[in-house]
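These are my notebook entries on one structure. I set down what I looked up, in the order in which I looked.

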Amino acid sequence: MTGWRQMHHSDQTPEGRQTPGQTLETTLGTTEKSEKFFRRLLSIWENAAADSEEVEKNLLLCEGHLRLRFATRPLARLISRAFQHCRPPVTPDHNPFTIYVFAGREKEFFAQLPWEKKDFAAPRGELRSGFEPDLLAASYLMEIVYICSPKRKEALYWFRHEHYIPYFEQAAPCRPILHWWLRDNGWLMVHGAGIGDGGKSILLMGKSGSGKSTLSVAAANSGFQFLGEDYCAVRNDPFPRLATIFSTVKLTPESCRLLKLEPSETILEITGKHLFFLSDKLIREIPDGLPLAALVLPETRPQEMAGVQPLTSAQNAIQLSVSSLYQLPHSGGAEFRKLAQLARELPGWKVIIPTGRPERAMPALKEILASAPSTPRT
Amino acid sequence: MMKKFYTVNRPMVSAEDFDGETVVIHFDTGNYYSLDNFGSLLWQAIESGSNLGQLPEILQNHFPAAETAWADLVDKVTAELLKEDLIRPLAEPPQKPSKDLDLTILGPAPRPADLGTVSKFDDLQEMLLMDPIHDIDDEAGWPHARQ
């Protein structure tokens, strides 16, 4: 056992939970303690990269310079596919936000962590370090761990297995880390799909199963620009805008049949969804963000014709905010406030889609975009 | 007059007002709520640090309904907010300047019997929980499902 774990048992919080702040030297301030904790974990990445072949990728994502440093080539291949739409930055940041990606070395890694097994099943995967906001941490059970130091502009992204990356993680890599980074850059990650036309965009919102993915792909097949299937970035400064984060799509086999898509790559999971990586053509058509004109909530019903109903701003807020915030660790009132402002400012529509006929919703989507003001609010 | 002071259960609870309808999110339970215009007024009163014990009299002075009817309504909605862990009682008044309540959100002739709906939604609770896909075998890890 390392010194860290030994101190764990002798120095308990009233709730019985240890935090890094109580195990590191008590003479250090909170920031120094979090720095020391982060550096210990970073040294594991350094050892992993030294033992293999490091791969670095520099991406322009949501107008920011993101640097991914992979300890191994297999990780680089599996994770960077979701960012194929991102070009290298024309004017690189001299100190970009850097995510260190590595896997394995499980005993060495967990020996540095203060959390017990039960901590890894917390709601939203949120791990409490006691160093918030200097250090933010989350996990997917004990399979994936995300640790971010906003002040250092660095994050660690660890996997238990290098070759078994869950399909949902390949579709939306390092989501919590990107959420924290985007938030610091004025963007907010939201649970929703994005489509665009005529220089404006729509965010398709709603909980899983509402039809966002199917509708976004159907729209792309009908000539709309595709901006995202499951998560997008939004901001309201200086006007509402939407940008792409991941160039991936996950569809059920039923939706694949409906959309006449043959998956060239299938990752069979218990949920049975297929993971698609966008074709070069669709990737080339992804814009660098578009003004956000409206919020749309798809609803599928067994009827012949598509329909449109207005939503109140409260309904906008519920559909836009709840499923987003419930999935993003260390998010809360501040994010809700910003999304609420978007919900008040943007028109919201429920678009009723005949079962099995998403293409019938296209005229309604075009009309919604056409009726939105073309000049953004200043 | 009874003193009844409450505060919002931050940081796990957050609320936003939308033209007289308040949406409340509880980040720990995964429940979210919609409060009607009376619930919004009550929430406004709590946020402003008002003594809810004074609210029935204030309402009775503005609207034609018995003070007891307003008192029952205040108690009913307050009890629901407490039960849902959205607010908690305070022993002492909060240290903040008082603000006038916007009673216009109740409309011109509100009737207590028609007011006070707190709609609760728990359909996204499972999204808050950590294993959205399947249970993982403790020893083998992903992608091995627990047998």
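**Entry 1**

I began with helix α11 (residues 313–325) and helix α12 (residues 333–345) of chain A, which pack at an angle of about 145° with their axes 8 Å apart. The crossing of α11(A) and α12(A) is right-handed. On the side of α11(A), the contact is made by A:S313, A:N316, A:A317, A:L320, A:S321 and A:L325. On the side of α12(A), A:E335, A:F336, A:L339, A:L342, A:A343 and A:R344 take part. I sorted the residues of this contact into seven nonpolar, three polar and two charged.

I noted the terms used here. Helices (H or I, at least four residues) and strands (E, at least two) are DSSP runs, numbered from the N terminus. Contact means heavy atoms within 4.5 Å. Axes are lines fitted to C-alpha atoms, for helices over the stretch in contact, and angles run from 0 to 180 degrees between N-to-C directions. A crossing is left-handed if the near helix is turned anticlockwise from the far one by less than a right angle, and right-handed if clockwise. Ala, Val, Leu, Ile, Met, Phe, Trp, Tyr, Cys and Pro count as nonpolar, Asp, Glu, Lys and Arg as charged, and the others, Gly among them, as polar.

I also recorded the source: this is a predicted model, in which local features need pLDDT of at least 70 and side-chain atom pairs count only at pLDDT 80 or more, while totals for chains, interfaces and linings use all residues. Residues are numbered from 1 along each chain as its sequence is written, chains are lettered from A and ligands numbered from 1 in the order in which they are written, and side-chain values use heavy atoms, with hydrogens and water left out.

**Entry 2: a sheet in chain B**

I then turned to an open sheet of four strands in chain B, with the order β2-β3-β4-β6 and antiparallel pairing. Two strands pair if DSSP finds at least two bridges between them. Strands β2 (13–18) and β6 (118–121) of chain B stand at the edges with a single partner strand each, so one side of each is left without a neighbour in the sheet. Neighbouring strands of this sheet are turned by 20° against each other on average, direction ignored. Helix α12(A) packs on the sheet and touches β2 and β3 of chain B; its direction makes about 15° with that of β2(B).

Within the sheet, β3 (residues 21–26) and β4 (residues 32–35) of chain B pair in the antiparallel sense over four bridges. I found B:I25 opposite B:Y32 in β4(B).

**Entry 3: a strand in chain A**

Is strand β3 (residues 97–103) of chain A buried or exposed? Seven of its seven residues are buried (under 20% relative accessible area, with exposed over 50% and partly exposed in between; 1.4 Å probe, protein chains only). The strand is therefore largely enclosed by the rest of the structure. A:F97, A:I99, A:V101 and A:A103 point one way from β3(A), and A:T98, A:Y100 and A:F102 the other way. In a regular strand the side chains alternate between the two faces of the sheet.

β2(A) and β3(A) pair in the parallel sense over five bridges, and A:L68 stands opposite A:I99. β3(A) and β7 (residues 154–159) of chain A pair in the parallel sense over six bridges, with A:V101 opposite A:Y157.

**Entry 4: nonpolar cores**

A nonpolar core is a set of buried Ala, Val, Leu, Ile, Met, Phe, Trp, Tyr and Cys residues joined through side-chain atoms within 4.5 Å. The largest has 46 residues, and those with the most contacts inside it are A:I99, A:Y157 and A:L178. Helix α7 (residues 175–184) of chain A gives the most to this core, with five residues. Apart from it lies another core, of 33 residues, among them A:L242, A:A317, A:I318 and A:V322.

**Entry 5: backbone details**

Most residues other than glycine have a negative phi, and most peptide bonds are trans. I noted two cis peptide bonds: one joins A:E132 and A:P133, with omega about 0°, and one runs from B:R10 to B:P11, with omega near 0°. A:P133 is found in the loop between β4 (126–127) and β5 (136–140) of chain A.

A:E63 has a positive phi of about 70° although it is not a glycine. A:E63 lies in the loop between β1 (55–61) and β2 (64–70) of chain A.
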